[in-house]
Amino acid sequence: MLRSVAVLLALAAALCSAEEQQQSKSKVCANVFCGAGRECAVTEKGEPSCLCIESCKPHKRSVCGSNGKTYRNHCELHRDACLTGLKIQVAHDGHCKEKKAEKAAANPVVCYAADRNELRHRLIQWLQTEIVPDGWFVKGSNFSEILLKYFKIYDNGDSQLDSSELLKFIQHNDSVVKLQSYADQESNKLLRSLCVDALIELSDENADWKLSFDEFLNCLKPDFNPPEKKCALEDETFEDGAETQVECNRCVCACGNWVCTAMICTDKHVAAGESADVGAEMTEEEWNLRVAELNKHQDTMEKMKTSTKEI
């Protein structure tokens, strides 16, 4: 009997002590504001201190954090931010959407220096087979004379070869045009056209994208070594064949020029009805103001429901 009385007295004392502590905490923390995910606690010295919330209420209203993690509610998100020391903001309500794996951007069809040089080498080999040495009674033909013959055949009368005329000259010999750098035929046709432009650029001294006979001759001289051009990017130079990424497009260095695909980067556009600053980081003060506005809106809605029921 005495033992039961002692237990009851101990429980009563503990309850009184807990109640006193709660009242003390209410007084000490009355004017203390702790940020989201934190709560006021009283230290051994009786001073207020903001600590991470021990546990959140079990209500479920999922939110997506700026770290890509889904939380059961706002409280859980801010508690996690407090415990980890990371700045985690609310990206949007609901579960985080799985990020779609970005499709690897296809390389643009380009004429690399190796393709251009291969085409040039084949042209020179073909033209050299047509050289005829001088005979006893017949004058032969040298490399320059053979080139002049073809230049006159494919020139439209302006004493210059543009890209379409140079392409016709190249297509004169089937063994020359069979560049098989790409799997499909269309890409290989485009490759030939691009390599024709690369050949013109190689010797086009006045940058008019046409070759005079002297420029045509210089381009196909067997002893001419094409210079190796590099691509520049942010104070660095890159070798032929180097790659880089610009948003969703891939760029490659070809014959000293960057060549890029021209895809529309849809993920950069903001969907209709969405705010342009969705996911933007908010300061703690901005977050608290937003919460206050939401709470005010919530109170207004509850009052409207109550008045409707009374009517």
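**Figure 1. Lys 149 lies over the face of Tyr 150, at 4.7 Å from the ring centre.** A charge sits over a ring if NZ of Lys or CZ of Arg is within 6 Å of the ring centre and within 35 degrees of the ring normal. The model is predicted: local features need pLDDT of at least 70, and side-chain atom pairs count only at pLDDT 80 or more, while totals for chains, interfaces and linings use all residues. Residues are numbered from 1 along each chain as its sequence is written, and side-chain values use heavy atoms, with hydrogens and water left out.

**Figure 2. Eight aromatic pairs are counted in the model.** Rings of Phe, Tyr and Trp (its six-membered ring) pair if their centres lie within 6.5 Å; planes under 30 degrees apart count as stacked, over 60 as edge-to-face and the rest as tilted. Phe 151 and Phe 216 have ring centres 5.8 Å apart and planes at 45 degrees, so this pair is tilted. Phe 151 belongs to helix α4 (residues 143-154) and Phe 216 to helix α8, so the pair ties together parts that are 65 residues apart in sequence. Helices (H or I, at least four residues) and strands (E, at least two) are DSSP runs, numbered from the N terminus. Both Phe 151 and Phe 216 are buried; buried means under 20% relative accessible area, exposed over 50%, and partly exposed in between (1.4 Å probe, protein chains only).

**Figure 3. Tyr 154 and Phe 169 form an edge-to-face aromatic pair.** The two rings are 6.1 Å apart, centre to centre, with 65 degrees between the planes. Tyr 154 is in helix α4 and Phe 169 in helix α5, 15 residues apart. Tyr 154 has 19% relative accessibility and so counts as buried. Phe 169 is also buried, with a relative accessible area of 1%. Tyr 154 and Phe 169 belong to one aromatic cluster with Trp 126, Tyr 150, Phe 151, Phe 213 and Phe 216.

**Figure 4. The largest nonpolar core has 33 residues.** Such a core is a set of buried Ala, Val, Leu, Ile, Met, Phe, Trp, Tyr and Cys residues joined through side-chain atoms within 4.5 Å. Leu 127, Leu 166, Phe 169 and Phe 216 have the most contacts inside this core. At least two residues come from each of α3 (113-128), α4, α5, α7 and α8. Helix α7 gives the most, with seven residues.

**Figure 5. The largest cavity has a volume of about 50 Å³.** On a 1 Å grid over the protein atoms alone, a cavity is a set of points where a 1.4 Å probe fits but cannot get out, and lining residues have an atom within 4 Å of a point. Grid points are joined across faces, edges and corners, and a volume is the space filled by probe spheres set on the points. The lining is made up of Arg 116, Ala 198, Glu 201, Leu 202, Pro 227, Lys 229 and Cys 255. Helix α7 (residues 185-203) gives the most to this lining, with three residues.

**Figure 6. The second largest cavity holds about 40 Å³ of space.** Leu 123, Leu 166, Phe 169, Leu 199, Leu 211, Phe 216, Cys 219 and Leu 220 line this cavity. Helices α5 (163-170) and α8 (213-220) are the elements that give two or more residues to the lining, and α8 gives the most, with three.

Key: 1 Å grid on protein atoms, 1.4 Å probe; cavity = no way out; pocket = protein on both sides within 12 Å on 5 of 7 lines; lining within 4 Å.
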